[in-house]
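Subject: Structure for your files

Dear colleague,

Please find the structure we talked about below. My notes come after it.

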Amino acid sequence: MHSFKIDSSARGDTVLGLTRIDGGIRVAVAVDAEECALLLYLPGSHTRQKEEKREAVRIPFPREGRTGNVWAMTVLGEDLDRYDYVFEADGVRFEDPHGRAFKGHERWGKKELGDLLLRTPVSLPEFDWEDDKRPEISYEDMIVYRLHVRGFTRHASSGVEDRGTFMGIAEKIPYLRELGVTTVELMPSTEFNEVMMRPVQIPCRYQESKKSNPAVMEADGRLNYWGYGPSFLFAPKASYAGKGRNPVTEFKTLVKTLHREKLGIVTELFFTGEEAPADVLEVARFWVREFHVDGLHISGTAPIALLASDPYLADTMIWATSWDGVEIAGSGPKKDAKTDPFLRRLAESRIMKQRLADAGISQEKTERIERRRRTRLLGECNDGFLVDMRRVLKGDEGQMGALAFRSRRNPETFGVLNYMASNNGFTMADMVSYDQKHNEANGEENRDGTDYNCSWNCGAEGPVRRKKIRQLRKKQLRNAVLLLMLSQGTPLLLAGDEFGNSQDGNNNAYCQDNEISWLNWNNQKTNADQLEFVKRAIAFRKEHPVFHQPTEPKLMDSLACGQPDVSYHGVSAWKPEFDGFRRQFGILYCGEYAKKPDGKPDDPFFVIYNMHWEPHEFALPTLSAGKKWHVVFQTADEAQNGFYEAGKEPELKSQKKFMAPSRSIAVFIGKTVEKP
């Protein structure tokens, strides 16, 4: 016997979904229907056979609780925590769009359960965040690592206990720290249905053809591996949690573990465009409030201006495809004491510091708050860098202007996420191994996926045994890594690119839940040289702030120190050439414009880009007295794997000129040489 009571006297703000209150729950759902009800289920195995047979407790919403199309009620009862629930409207049962967790799809890819009605538990376990704090990493200090939760550790070679799960990522934290990553980005990990469905084809009685019935769906045999599409946006994906574990608890544990190791986390939220702006805003706030994420990557169609101007998200990174032309509330003329009540009261107070001290707020904390207000939090994430720098890499005409622009781009108002590869396209290894896409395994006759890859196979398509081609590909990968790490914007690595992950030429592996998409961790040994190069390039970037400054270079001598912060050169010093046929470029960095952690200025650097298929001699800029050029990176030097360790950089034999090998990048550091 179930004893539940509707408290008709309860009133208050209506929060969609389920809210726990003393002695019961408050539920609300938005649906245009004549009648609506809450259905409660006792937990147990959730299968197609038992779904219709299991008896549910049905509690109708009172009509007086309806406002517009929102049905709300308060239900009192002592044993409500035992139940799972769904809603019913006009006889149709459906999941809570605002459910915080779901049961039924705990096992990934069960095609027979593709259209199963999922249930939400009334009660979720408490979680102790302890002293969890965001690491607050600025864009200029950030190294982003983008991964797919399942594919990152699903392969047996990952060596983790919980393969393909949130905790599988946590087990790889030592690896991420060793690599030099500061921030992890997760591809969509809300509760989406990976089983791709299609309308059932019903034979026509009088025709040989079939027609579809949109009301009846069946699995089409493929899986939505990436997760782009409709989803329950308030719930982490159940199949990304370990067997028998709660996905909400596991995701929170991942976040807390990353934060404890001073690593940030950004989660991608995909919106179909059918969500109401208010719902989009509530989803974003929820992930920040409930899961403590450092940032949100907004993809699909969403009101990004609304998110960017929301005060609740004022200290949260928000990434979008572009901020150009987006009008953000509060980004106009700065408020003054006449229009802003806070500033007016602040101006009236002559003893503000004393009041803060009395309140126990330290000067250090107030300075940190003020710094946070000034920090860029919006981020641009699109293929602009990828397209331009891949064309630079393969030696296309007219790209030296793009090289100059992309290497310095670092807007004042938002961060820029730079990458050479993303899930939607070739991996970095495939970028230098294939001219054409090879998506036959997707079942769409190779018609899906972009045809514009800006790739070059270095002389042969796909895997080869020819040593010359293999060496050229490795050199091109070293070049690609430096193009990324020496640019002022925030570098983003696609998981696996650091050790040569390949998708066999598939540039649209959205439905490939197999070894095409899973990372093969054996490649750490197979391509150990590439992994070591990436580690060194990341460490080098971190060591030298001239390559990751908080503002874009001004290209002028603003310090009156005798040199501009950044200057451009051609094969002749101080004479850059942007002609369409040119594929040679030099960039000189003046260390005086960037300070190391100890307060001392950085070193001077000269970077030579020879993307031509022939060697070219470059004249070297003259250093100040007592300094000489030393080699840090030389991607054509295979014997050295393209780099020298810090403190072991050899001095250039000639301090006036350098013959740059074909398709190579060289980085020289100006070091003080003691007189004998």
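The model is predicted.

Eight strands form a closed barrel with parallel pairing, in the order β11-β12-β17-β18-β19-β20-β21-β22. From one strand to the next, the twist averages 25°.

Helix α5 (residues 247-260) covers β12 and β17 (264-271), and its direction makes an angle of about 140° with β17. Helix α6 (residues 277-291) lies across β17 and β18 (295-300), at about 160° to β17.

The lysine is Lys437, found in the loop between α13 (428-431) and α14 (467-485). Is Lys437 buried or exposed? Its relative accessible area is 7%, and because the cut-off for buried is under 20%, Lys437 counts as buried. Two partners of its side chain can be named. The backbone oxygen of Asp448 is reached by the Lys437 side chain at 2.8 Å, and the side chain of Asp451 makes a polar contact of 3.0 Å with that of Lys437. Neighbours within four places in sequence aside, Lys437 is in contact with Phe426, with Asn446, Arg447, Asp448, Gly449, Thr450, Asp451 and Asn453, and with Gly505 and Asn507.

Regards

Conventions:
Residues are numbered from 1 along each chain as its sequence is written. This is a predicted model: local features need pLDDT of at least 70, side-chain atom pairs count only at pLDDT 80 or more; totals for chains, interfaces and linings use all residues. Side-chain values use heavy atoms; hydrogens and water are left out. Helices (H or I, at least four residues) and strands (E, at least two) are DSSP runs, numbered from the N terminus. Buried means under 20% relative accessible area, exposed over 50%, partly exposed in between (1.4 Å probe, protein chains only). A polar contact is a pair of N or O atoms within 3.5 Å; within protein, one must be able to donate a hydrogen and the other to accept it, and residues adjacent in sequence count only if both atoms are side-chain atoms. Contact means heavy atoms within 4.5 Å. Two strands pair if DSSP finds at least two bridges between them. Axes are lines fitted to C-alpha atoms, for helices over the stretch in contact, and angles run from 0 to 180 degrees between N-to-C directions.
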